[in-house]
Amino acid sequence: MLKPLIVQQHLHLTKHLAKQHLKYSSFHSLYSQSIIITKNYHQKTLNNSKHEKEIKEIKKRKRIFHSEAFDTPNVINDIHHQHSIKSSSLDHYHHGLIENVFPTTSTDTAIATTKKEEAHLIDGKAIAHEIKQEIKQTIDHIKDIQLKNGIKQQDLKIPGLAVILVGDRKDSATYVHMKSNACKEIGIENFQINLPETITEEELIKIIENCNENNKMDGILIQLPLPKHLNEELILQKVKMEKDVDGFHPYSFGRKINEGKEFIPCTPLGCLELLKRTSKNLNLNLEGKDAIVIGRSNIVGIPMAMLLLHQLNCSVEIVHKKSIDIPKKINQCDIIVSCCGQAGFIQPEWIKKGAIVIDVGANVIPNDKEERGYSIVGDVVCNKVLKERALAYTPVPGGVGPMTIAMLMRNTLQSFKAKHEELFVNCNN
């Protein structure tokens, strides 16, 4: 529906005044008068002659103040605040009218807002490095305490992590190598156990039980997936909960988030840490925000939703392949965590303006331009539109991935700490 004449004139005049940089007090007075005129249009029927008379009055005021300059940065926002009335449909219409005065796509750039800055990049690689350095400092500290107490170098107590790899999958071997390097970097003793793909369940369980009894191994990680002939759930159950630094023990699943005694799976824990540090850096309060998790796996999706609910006090929704209206649901949320494992599933246009986007996806797609013949991409299409709409986002790669390993190192340290509290005097970790 076309805007009434008086509204069109109001829009045109307000834009013109904004361009001319008028004095705040003068503009405020004129703006207030124009609001009254606009409301009068809805409250009673005005004839054309009265329309013209009121428009002439406004134009007269414009000529009077035309040459007066003023500082504008916060003027329009201040005026909007003073004239925002939320009760009636008329006021909602008028609020929409104010928004149209300064459209972001118009060639007449709004003077009230600066040019939209690109979304904040959540650098998971840098944050993971910070966390690993914090862990390293703690381990160095507990070493120093022992050396000062006369403990010999070879007898020092330090955290230890056992990593069990079954078979020779290249991707699994790569992940194990990355975890081994992280251990060396920060001073955690690494016990790497490579087993043949043909190993039986009984043989594997026996090895796990030996690790459970080894006091030097504070954490046990079984690299997934396991060969098809092995029952993953049964195997994971055999790891002692106090050594389950990967957070996959099924019996601890329902308790870990609420009580905090068991270990939280490393990937959702890494996402939580990214959200906490980002909110701190951007001075945001995430309590009460609407969050959505795309994906419902026991490893990432469900524990992530529980963390958002219990740790950040968000209102949380989970969607999956059977959900309907997913774009609409995503568009209503302030925090979006995608872990559906579908390359480019989430379109940037679905993202609510000002939302935080955490992309857990690490999907391999063919790419002849890459020397290795493939690229790793996320669940969310990362382009200019996303960077314009989101407040902050994680890249793929370099976002959540490095955090998963950093959280594994932290969980291993926490397992060690539970047995050696006396070594952590004056430690932050």
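A pocket is an open set of grid points with protein on both sides within 12 Å along at least five of seven lines, and its lining residues have an atom within 4 Å of a point. The model on screen is predicted.

**Stop 1: the largest pocket**

Select Tyr175, Thr267, Ala362, Gly401 and Thr404. Of the 50 residues that line the largest pocket, these lie nearest its centre. The pocket holds about 1700 Å³ of space.

Next, colour the elements that give two or more residues to this lining: helices H6 (124-148), H7 (170-186), H11 (266-281) and H15 (400-419), together with strands S4, S9 (363-366) and S10 (374-377). Which element gives the most to the lining of the largest pocket? H7 does, with eight residues. Coloured by class, the lining shows 28 nonpolar, 14 polar and eight charged residues.

**Stop 2: the second largest cavity**

The structure has two cavities of 30 Å³ or more. The space inside is about 40 Å³. Strand S4 (residues 219-222) supplies the largest share of this lining, three residues. Six of the lining residues are nonpolar, two are charged and none is polar.

**Stop 3: two cis peptide bonds**

The bond from leucine 224 to proline 225 is cis, and its omega is near 0 degrees.

Now go to proline 397, in the loop between strand S11 (392-393) and H15. Valine 396 and proline 397 are joined by a cis peptide bond with omega about -5 degrees.

**Stop 4: two asparagines with positive phi**

Select asparagine 283, in the loop between H11 and strand S5 (290-294). Its phi is near 55 degrees, a positive value in a residue other than glycine. Is asparagine 283 buried or exposed? With a relative accessible area of 70%, asparagine 283 is exposed.

Then select asparagine 313, between helix H12 (301-310) and strand S6 (315-319), again in a loop. Asparagine 313 is not a glycine either, yet its phi is positive, about 60 degrees. Its relative accessibility is 41%, so asparagine 313 counts as partly exposed.

**Stop 5: an aromatic pair**

There are two aromatic pairs in the structure. In one of them, phenylalanine 345 and tryptophan 350 have ring centres 5.7 Å apart and planes at 85 degrees, so the pair is edge-to-face. The cut-off for that label is an angle over 60 degrees. Tryptophan 350 is buried at 19% relative accessible area, whereas phenylalanine 345 is partly exposed at 32%.

Methods:
Residues are numbered from 1 along each chain as its sequence is written. This is a predicted model: local features need pLDDT of at least 70, side-chain atom pairs count only at pLDDT 80 or more; totals for chains, interfaces and linings use all residues. Side-chain values use heavy atoms; hydrogens and water are left out. Rings of Phe, Tyr and Trp (its six-membered ring) pair if their centres lie within 6.5 Å; planes under 30 degrees apart count as stacked, over 60 as edge-to-face and the rest as tilted. Buried means under 20% relative accessible area, exposed over 50%, partly exposed in between (1.4 Å probe, protein chains only). On a 1 Å grid over the protein atoms alone, a cavity is a set of points where a 1.4 Å probe fits but cannot get out, and a pocket is an open set with protein on both sides within 12 Å along at least five of seven lines; lining residues have an atom within 4 Å of a point. Grid points are joined across faces, edges and corners, and a volume is the space filled by probe spheres set on the points. Helices (H or I, at least four residues) and strands (E, at least two) are DSSP runs, numbered from the N terminus. Ala, Val, Leu, Ile, Met, Phe, Trp, Tyr, Cys and Pro count as nonpolar, Asp, Glu, Lys and Arg as charged, and the others, Gly among them, as polar.
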